[in-house]
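Subject: Structure handover

Hello,

Here is the structure I promised to pass on to you.

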Amino acid sequence: MVPLARVPILGKETIHVGYDIHEHIIDTIITGCKSSTYVIVNDTNLSKVPYFQQFIKEFESKLPADTRVLNYVIKPGEASKTRETKAEIEDYLLLKGCTRDTVMIALGGGVIGDMIGFVAATFMRGVRVVQIPTSLLSMVDSSIGGKTAVDTPLGKNFIGAFWQPQYVLVDIKWLQTLARREFINGMAEVIKTACIWNADEFTRLESNASMFLEVVNSSKQIKVANSITGEIDEISHSEIEKILEHTYKLVLESIKVKADVVSSDERESSLRNLLNFGHTIGHAYEAILTPQALHGECVSFGMIKEAELSRYWGILSPTQVARLSKILAAYGLPISPDEKWFKDLTLNKETPINTLLDKMSVDKKNDGSKKKVVILESIGKCYGTSAHFVSDDDLRFILTDETLVYPFKNIPQNQTKIITPPGSKSISNRALILAALGEGQCKIKNLLHSDDTKHMLTAVNELKGATISWEDNGETVVVQGHGGKTLTACPDPLYLGNAGTASRFLTTVAALVNSSQDQDYVVLTGNARMQQRPIGPLVDSLRANGTKIEYLKSEGCLPLKVFTNSTFKGGRIELAATVSSQYVSSILMCAPYAQEPVTLALVGGKPISILYVDMTIKMMEKFGIKVEASTTEPYTYHIPKGTYVNPSEYVIESDASSATYPLAFAALTGTTVTVPNIGYDSLQGDARFARDVLKPMGCTVEQTASSTTVTGPKVGTLTPLKHVNMEPMTDAFLTACVVAAVAHDSDEKSQNTTTIEGIANQRVKECNRIEAMATQLAKFGVSTTELPDGIQVHGLNSIKDLNLPTEAIETYDDHRVAMSLSLLAGVVNMLADGAESPVRVLERHCTGKTWPGWWDVLHTELGARLDGAE
């Protein structure tokens, strides 16, 4: 059992927290709030709960003979929290002859607590009130601090008063009756509190998320006899005892923070408004989506968007935003209003940007029409001691998935910037697989925090392949590998979004998984595009080697069912590797755990992207397994049996493909950009981009073993690259296309054509990238010619000849398409006098796959002007 805790607020220990403490609650009210009349107000849902019925009977039995208890019951839900309902309650009190010695007891969730607190504040010019919160949301938030209110058609909580309760009596046992969605709803405020004030508690919440969700998801509907009405009621029931210590701790820690803040700033003049993190934006959505959406759900993605605003301003690191996103999702909360399940839940209601801004204009934190938002500096710490003013332009950018890119102007030609892209996606995902399969602890630094690695981390955790924790405020991921021994089939499909790397690597990992007591297979699935991308050659090789795999939808694509009662035999494995090097790396990394030593022969022609195969082999050696290339067969490798031994630390170098965008920015704008941790010693082929593409086009390139600096020529003087084989750096071809679009030869008789070859695999990436670039470049007036394994870009005679697109630029939900075309969008009208017409770019959030903060860097670091589209 957990102890009874008393938390001070405003100098008094009036907040009591415990488990199964109804007797203590009753005694406290009777002795501490003597009265002739107690009025208990609750909703009809609570009336069905046996614990409530027991409470009412015991309360009545302990009262003095001359004291009465009245019980007023209202309909549940936010729709009851109105001025009309408040008036009905007040009329009831008057009809019952209630006087100034009346004690109101708000027994229920936030709706009850807010409204009955307001009734108490105004009835007879103020009567005493006791808060007994029964929902998680009301326990940690609405019952603490004396803020009371009712809703109006224009928004939440606009009419109310500050009225401190005599007691807040928190009995965690009430939570066992919460429905799953209500339980999860309350976690938004818990996470918010830790996020703004208590980094240690945030870390503890991270480590207990799966246990919490497992219990909450297993809640059941049970039938109980109502001792008051005699009817049979159906109520929710969760086995709260299984997570009692965790739940007690999260409730208590949240209450302590709020009590401390309220004690310093009771009337919300400055410090207390930090508790509204996520609420400025969250309340705006809630005003539109109510009653289908719950408060905590809207605050959840409100926190994400306000954290993204902080990142956009260059205050919060992308790692911290990713960490916040991960924990909210881990507790079952929506991280975007556009998630399908949430859209279905809210009846696909539209949330127009102008309506959201209108709703925000009447927020209580505002100064007149000036909107204010709480800005996060890091997990556990806010930026400053109160909310900050924010412009509609910045809010519009954050709230839309479309952006307007204005011409790159007013950027000093001598501008010099140091830009550090996120960690390499390719290296990050390989490191996670190797460390999870390895023995011992490995601290991975500079891991890419993106959609891809989030899916990989989730899968590793679900398969019980390793124990994952975090250090350095989330900047370092600590992987405690179990040597591949604990991999176990998980009951739910592993959803991998559009993460090609994760899906290919995990297909072979699934062949190593052990059956659980209830299941002998693993299902891998992804989004619509991932279910079109090929995986057939890898599946064919694994099937031939003894692993049973079924296609659940289309032949040759996800979703897959990989049976765990089959075997990964080893021996000689033949693999067609002309489509994707990820197939090769997938088998290479798992080969040491096959039943026999593996000889992997790549057949069918020259393997694609062989440098990525070399990367995998070099990384395997860092983890203790040495791969030998055959001396007699080309593209054949011998992998011994063994177990990876994790290095104590592994540092991920920046993503070389992502580095091409700021370097190309320098080329296009005549400025200087340095990427400090990508040089000629890089494991990644795309590190060649500056030397093999930008330098021949007229840029000055300085490259050391660990850094690359590019200085662009005078704007408009880039020259075409007649021919380049980009097979060693295929992902960078999109950036090359953009630079080539404005490259021209000073000799007007020559062709301005840049020919790029060796990129056939780019047709089966997140989209058909060759076709995508040809289609979108045409919108700028740039013509192209598709080749069997490449593209020709016919550069314009002058940068001034670029057309302003008359329609939006599509990104195909492809991060590399979006980032490369954002550069070309900024070049349009760059040299024109006074021209400010922007280019509309769709689906900007797709850059979260590899560089969630790309737009922030483009805006804050590189000086580009961006705006949100209506």
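Is Cys195 buried or exposed? Cys195 is buried, with a relative accessible area of 0% (buried is under 20% relative accessible area, exposed over 50%, and partly exposed in between, using a 1.4 Å probe and protein chains only).

A word on the basis for all this: the model is predicted, so local features need pLDDT of at least 70 and side-chain atom pairs count only at pLDDT 80 or more, while totals for chains, interfaces and linings use all residues. Residues are numbered from 1 along each chain as its sequence is written, and side-chain values use heavy atoms, with hydrogens and water left out.

Now the cysteines. Searching the whole structure gives zero disulfides (a disulfide is a pair of cysteine sulfur atoms within 2.5 Å). For Cys195, the closest cysteine sulfur belongs to Cys382 and lies 7.7 Å away, which is too far for a bond. Cys557 counts as buried at 9% relative accessibility.

Next, a helix pair. Helix H1 (residues 22-32) packs against helix H3 (residues 50-62) at an angle of about 40 degrees, and their axes are 10 Å apart. Helices are DSSP runs of H or I with at least four residues, strands are runs of E with at least two, and both are numbered from the N terminus. Axes are lines fitted to C-alpha atoms, for helices over the stretch in contact, with angles running from 0 to 180 degrees between N-to-C directions. H1 and H3 are therefore oblique to each other (under 35 degrees is roughly parallel, over 145 roughly antiparallel, 65 to 115 roughly perpendicular, and the rest oblique).

Thr755 sits in strand S34 (residues 753-757) and is buried at 9% relative accessibility. Not counting residues up to four places away in sequence, Thr755 touches Leu721, Lys722, His723, Val724, Leu787, Ile791 and Gln792.

Met830 belongs to the loop between helix H27 (815-827) and strand S37 (839-841), and Met830 also counts as buried, at 10% relative accessibility. Leaving aside neighbours within four places in sequence, the contacts of Met830 include Pro407, Phe408, Leu668 and Val715.

Best wishes

Conventions:
Contact = heavy atoms within 4.5 Å.
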